[in-house]
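Visitor: Hi, could you walk me through this one? I'd like to ask things as they come up.

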Amino acid sequence: MDDRPTLALKRGAADAGGEFRSPALERLVRALARLPGLGRKSATRIALQLLRGAGDPAEELMTALAEARLHVRTCGRCGCLTEDDPCAVCSSASRDATVVCVVALPVDVLPFERAGFYRGRYFVLGGLLSPLDGVRADDLPFARLLERFDVDGVREAILAFDASVEGEATALYIQRLLADRDVRLTRLATGIPVGGSLAYTDEATLLRAFQFRRSL
Amino acid sequence: MWLLEASIEGFRNLIPSRLVLSPTVNVFHGGNGQGKSNLLEALNYPALGRSYRGARDDDMVAAGAAQAHVAVSCRTDNGDHILFECGMEKGGPGRLRIDGEPVRRRADLVGRMATVVFEPQSVQLAAGAPELRRSFADQSLSVLDQAYFRRLMNCHRALRQKAALLRDARRAGASPSRVRAEAEIWNREIAREAAALCESRATWARELDPRAAAIYAEMDPGSACLKFVYLPSLEACRRGLAGEDLAQEILSELDYIGPHEVRRGRPLAGPHLDDFQLLLGGIGLRGYGSRGEARSAALALKLAHGELIFAQRRVRPILIFDDVFSELDKARVRRLQQECAARHQLLIATARPDDVAGWKPDGLRTWRVEGGRLEELP
């Protein structure tokens with residue numbers, strides 16, 4: 001076996017992030033790099049593709065952006081992103097209004113809708129409790145959530161938050177809010193992913209899976 | 001486990017170099033400021049994913065270089081090979097790979113490369129501020145139990161959230177009862193993690209204590225007995241409770257001091273205020289011990305941590321000594337070195353050739369470090 005250490009992490013000089021001679025290009029790269037998940041390197045690649053790519057991708061993107069800004073709004077009932085208010089889920093008679101899945105962000109609705117098994121409705125909080133980011137209880141629409149419970153006669157609320165400290169805290173806050181209401185409150189289970197390997201499961205996930213194991 | 005080979009490039013003052021290490025004893029000679037500590041810092045980087053001297057990645061990149069690279073290959077006690085590759089970049093995030101696989105979270109790195117580092121600052125373990133002992137405990141426990149590291153991160157996160165809440169509420173003059181209600185949410189998180197952390201710390205201190213006492217007695221026969229005890233800051237942790245009962249009791253304690261915390265605008269209790277104490281003959285070394293006693297006690301504690309790693313994980317950690325023998329009695333130093341060398345790979349940096357003069361253990365390799373250049377001596 002070859003034990004020799006390699007310097008596989010070495011990167012080319014091109015990665016260092018250079019200055020552009022065009023201030024407009026520089027502004028574009030900076031604006032793109034501020035988007036989530038994009039570093040300067042990817043931002044540069046996208047900027048150059050937009051400006052020099054075949055079929056004028058910049059024009060297509062500008063049109064799409066303008067249309068999206070014009071038509072996309074948040075649903076007044078659940079807070080999901082939609083073109084119609086109320087959204088398709090809130091206005092559908094086939095969705096059970098007495099079951100509500102509470103999520104942190106509009107994007108968290110997507111996996112449920114893609115999977116297609118969920119037949120209840122949603123409520124988007126717009127974030128999780130996090131004083132470090134300036135988000136306190138007063139900044140989240142808990143009052144509107146309670147009103148929704150009363151109006152729709154909600155029987156079950158499923159809290160679908162990240163398995164983080166902030167997710168736990170927000171779930172606990174909602175639990176306290178609902179203490180005197182006759183609502184079944186549940187949280188998504190955490191554990192070994194379907195198709196995942198037990199041998200490579202990290203110990204925190206394994207511990208959760210163990211704690212919340214179920215009888216057969 | 002032991003280091004087989006290392007290559008270093010762009011790291012502090014070190015000239016790019018590649019070295020093949022002895023599985024037994026490796027000694028790096030050189031005057032002050034020549035690069036010995038930098039070399040040990042580089043070799044230990046994969047163990048923590050950061051500098052053991054507390055330096056930022058930025059500071060470790062050589063002047064004039066954009067990046068630094070450290071690659072270290074190790075052999076584990078069961079014969080496997082592991083390759084650690086670390087990249088540090090000026091102004092950028094550090095990158096780590098184990099056997100070519102990127103390491104995304106430091107939690108995944110903790111404990112993969114087991115080392116025990118003793119450096120001049122380690123003497124502060126006995127006589128310095130509580131945070132040094134806490135940090136030693138946290139590092140040691142994280143190596144022994146990966147779940148501990150995650151719990152610690154969660155607990156710190158919840159504490160920081162509560163601190164931000166209390167601070168901002170105080171500035172804004174928010175209603176105390178509402179702030180308390182919100183703070184109690186974070187208390188639940190803190191209490192749940194703190195119960196497990198405090199139990200782990202208590203067990204760890206109990207297991208470390210007899211080992212450290214035995215090592216100290218070997219180093220200084222005839223001296224008073226060394227004792228290592230856990231001093232939890234939470235009252236609830238002193239009542240012999242465990243599990244859910246302990247978490248409940250911690251929660252009650254945190255809620256009880258809630259009004260004070262709201263008034264003061266900061267958290268006043270939690271595992272972040274724990275301490276540990278080293279006693280010699282029943283007297284605390286902090287404030288009373290001599291420098292020699294403090295040094296021996298700190299060394300004993302670190303070596304006891306090494307023994308605990310072996311006892312619990314069947315891994316023999318690599319022992320790294322950065323200029324630590326100078327103030328210890330020579331005969332005792334030699335006995336200590338021989339005992340360590342019989343069980344572990346040793347990396348020793350020393351400015352005084354006396355510290356290792358006349359010692360010829362099997363497989364000894366010696367280097368001179370001068371102006372960042374490594375030269376192996378015959």
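Visitor: Which hand does the crossing of α5(B) and α6(B) have?
Guide: The crossing of α5(B) and α6(B) is left-handed. Keep in mind that this is a predicted model.

Visitor: And at what angle do the axes of those two helices in chain B cross?
Guide: Roughly 155 degrees, for helix α5 (residues 146-172) of chain B and helix α6 (residues 176-219) of chain B. Their axes come within 9 Å. An angle over 145 degrees counts as roughly antiparallel, so that is how α5(B) runs relative to α6(B).

Visitor: How do the residues of the contact of α5(B) with α6(B) divide?
Guide: There are 15 nonpolar residues, seven charged ones and four polar ones in that contact.

Visitor: Let's switch to chain A. At what angle do α1(A) and α2(A) pack?
Guide: Helix α1 (residues 23-33) of chain A packs against α2(A) at about 125 degrees, and the axes are 8 Å apart. That angle makes α1(A) oblique to α2(A). As for the hand, α1(A) passes α2(A) in a right-handed crossing.

Visitor: Which residues make the contact?
Guide: From α1(A), they include Leu25(A), Leu28(A), Val29(A) and Leu32(A). From α2(A), among them are Ala43(A), Ile46(A), Ala47(A) and Leu51(A). By class, the contact of α1(A) with α2(A) has ten nonpolar, three charged and one polar residue.

Visitor: Now the interface. How many residues of chain A are in contact with chain B?
Guide: 30 residues of chain A, and they touch 43 residues of chain B. The two chains bury about 3,400 Å² between them, with 55% of that on carbon and sulfur atoms.

Visitor: How many salt bridges are there between chain A and chain B?
Guide: The count is five between chain A and chain B. One salt bridge joins Glu166(A) to Arg157(B), where the closest N and O atoms are 2.5 Å apart. Over all chains, the count comes to 35 salt bridges.

Visitor: What about Arg148(A), which side chain does it meet in a salt bridge?
Guide: Arg148(A) pairs with Asp152(A), at 2.8 Å from N to O. Both residues lie in helix α6 (residues 142-152) of chain A, four residues apart, which is about one turn of the helix.

Visitor: Changing topic to the backbone: is the peptide bond from Asp85(A) to Pro86(A) cis or trans?
Guide: That bond is cis, with omega near 0 degrees. Pro86(A) is found in the loop between β2 (81-82) and α4 (88-91) of chain A.

Visitor: And what is phi of Asp56(A) near?
Guide: Phi of Asp56(A) is near 50 degrees, a positive value in a residue other than glycine. Most residues other than glycine have a negative phi.

Visitor: Where does Asp56(A) lie?
Guide: Asp56(A) sits in the loop between α2 (40-52) and α3 (57-71) of chain A.

Technical notes
Residues are numbered from 1 along each chain as its sequence is written. Chains are lettered from A and ligands numbered from 1 in the order in which they are written. This is a predicted model: local features need pLDDT of at least 70, side-chain atom pairs count only at pLDDT 80 or more; totals for chains, interfaces and linings use all residues. Side-chain values use heavy atoms; hydrogens and water are left out. Axes are lines fitted to C-alpha atoms, for helices over the stretch in contact, and angles run from 0 to 180 degrees between N-to-C directions. Angles under 35 degrees count as roughly parallel, over 145 as roughly antiparallel, 65 to 115 as roughly perpendicular and the rest as oblique. A crossing is left-handed if the near helix is turned anticlockwise from the far one by less than a right angle, and right-handed if clockwise. Ala, Val, Leu, Ile, Met, Phe, Trp, Tyr, Cys and Pro count as nonpolar, Asp, Glu, Lys and Arg as charged, and the others, Gly among them, as polar. Contact means heavy atoms within 4.5 Å. Buried area is the accessible area (1.4 Å probe) that two parts lose on being put together, summed over both. A salt bridge is a side-chain nitrogen of Lys or Arg within 4 Å of a carboxyl oxygen of Asp or Glu.
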